[in-house]
Amino acid sequence: MKRTKRSAVLALSAAAALLLTSCGFSGGNDSGGSAESEGAQTTLEMLVPTYSTGTKALWEGVIDDFETEHPNIKVNLEVQSWENIENVLKTKLQGNQAPDIYNGGAFAEFAAEDLLAPASDVASAETLADFQTTFADAEKYQDTQYGLPLIASARALFYNKDLMEEAGVKNVPTTWDQLHDASKAISDKTKADGYGMPLGSEEAQGESLIWFAGNGGNFGDAQKIAVNTPANLEAAEFMKKMIDDGVTQNDPGATQRTPMLNTFIQGKLGFAYALPQTVGQIKKENPDLDYGIAAVATKTGSPATLGVADRLMSFKNDGSKSAAVKEFFDYFFSADVYTDWVSTEGFLPTTKSGSEKLAGDETLKPFLDLLPNAVFYPTTNPAWNATDGAFKSLMGEIATGKSAQEVLDAIQAKADAAK
């Protein structure tokens with residue numbers, strides 16, 4: 001495997017600030033049922049989201065090396081923000097220009113509509129067997145695996161030690177009440193906001209599930225979306241209390257996660273839930289920030305967190321590109337290539353070989369410790385796409401006068417209508 005260009009791109013990407021939460025695709029029009037057939041070139045169209053400022057360069061490095069080893073396969077890369085990617089995909093699907101390779105969240109709706117290639121068609125048995133069983137099982141719809149788990153992540157509570165000291169807060173909060181009181185002290189006694197609550201369109205669903213999980217709640221499962229449950233309602237009412245009591249930033253309903261985390265990194269926010277790659281961003285942008293990382297504050301202090309598992313999948317189109325997609329997926333998930341990618345982006349690996357290779361990474365350890373108590377999105381439910389969209393558009397209304405009950409009922413109605 002040639003590594004020269006790969007190493008250069010990774011060096012550039014690692015130096016980039018880690019954040020964190022298309023032209024027409026050709027479908028099956030290219031020739032090449034066999035990826036390596038003599039004289040034929042297969043072109044794969046690939047649509048991915050931005051995880052960090054280095055995401056585009058990182059993928060370009062992988063693709064560059066892959067194309068060097070597979071001269072009969074070309075990969076056209078398109079990178080979109082998380083805010084835009086689902087709308088871009090929807091437009092492409094409506095125009096019969098589905099991507100051959102797609103990196104996204106929910107997949108069950110596409111599988112239910114018979115748009116996706118089964119994982120066994122686009123990855124070797126060796127690649128599929130290398131995934132951790134819990135992640136592989138989460139990629140199944142009606143007992144068939146469609147997604148290839150790309151990354152895992154968990155959220156943890158980041159706290160500003162200087163602001164806590166200035167406000168007289170001695171202990172890191174472990175319960176909702178403690179987080180409320182500590183955030184209020186920072187809001188009242190410093191020039192910073194206490195707690196960052198991003199309920200804008202970027203990740204209202206993520207912020208909500210962190211709080212819901214902290215009360216034993218979730219968004220349901222593969223069979224039923226359950227939003228307006230008693231556990232979730234109690235959590236949403238406490239979120240609203242945080243807002244109404246003025247312990248959050250202004251206008252949480254319009255706040256996006258990325259700029260909110262930038263505020264924390266700048267030392268102007270007491271507490272925020274963040275991701276593994278936030279550590280790398282702090283190291284680059286504000287290495288003098290005196291901060292810590294702790295478990296999510298829950299109602300009783302019992303451990304819980306939001307877990308995120310995004311995936312790669314392949315829209316099958318006319319099926320002529322499955323061999324080429326398999327070549328790409330097998331290459332990407334090989335231990336060296338995959339661990340370079342996942343560690344540079346600051347995520348947790350989903351493969352057995354990747355976990356073994358990164359076991360000694362101290363940056364990832366606090367988040368790996370949280371994963372056993374993580375609650376995940378019900379991406380295997382075909383109604384999840386609609387539910388996700390409803391959270392992004394409606395959850396912020398708890399900051400504009402509507403009751404938590406009204407808002408959760410409205411989101412539940414959207415989920416029910418999508419059945």
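Colleague: What are the ground rules here?

Modeller: The model is predicted, so local features need pLDDT of at least 70 and side-chain atom pairs count only at pLDDT 80 or more, while totals for chains, interfaces and linings use all residues. Residues are numbered from 1 along each chain as its sequence is written, and side-chain values use heavy atoms, with hydrogens and water left out.

Colleague: OK, α3. How far apart are its end C-alpha atoms?

Modeller: They are 19 Å apart. Helix α3 covers residues 82-94, and at 1.5 Å a residue its 13 residues should span 18 Å, which agrees. The expected span is 1.5 Å times one less than the number of residues. Helices (H or I, at least four residues) and strands (E, at least two) are DSSP runs, numbered from the N terminus.

Colleague: Which residues of α3 are buried?

Modeller: Trp82, Ile85, Val88, Leu89 and Lys92. They cover an arc of only 100° around the axis, which puts them on the same side of α3. The arc is taken from the directions from the helix axis to the C-beta atoms. Buried means under 20% relative accessible area, exposed over 50%, and partly exposed in between (1.4 Å probe, protein chains only).

Colleague: And what is on the face turned away from the buried side?

Modeller: That face of α3 carries the exposed residues Thr91 and Gln94.

Colleague: What do the buried ones pack against?

Modeller: Strands β1 (42-49), β2 (73-80), β3 (101-104) and β11 (305-313), plus helix α4 (108-112). Contact means heavy atoms within 4.5 Å.

Colleague: Switching to α18. Which elements do its buried residues pack against?

Modeller: α3, α10 (204-213) and α19 (404-417). Helix α18 spans residues 384-394, and its buried residues include Trp384, Asp388, Phe391 and Lys392.

Colleague: Gln142 next: where is it, and is it buried or exposed?

Modeller: Gln142 lies in the loop between β4 (140-141) and β5 (144-145). Its phi is positive, near 50°, and Gln142 is exposed, with a relative accessible area of 64%.

Colleague: What about Asn317?

Modeller: Phi of Asn317 is near 45°, again a positive value. Asn317 sits in the loop between β11 and α14 (322-332), and at 30% relative accessibility it counts as partly exposed.

Colleague: Last one, Asn250. Which loop holds it?

Modeller: The loop between α11 (230-244) and α12 (257-265). Asn250 counts as exposed at 69% relative accessibility. Its C-alpha atom is separated by 17 Å from that of Gly267, 17 residues apart along the chain.
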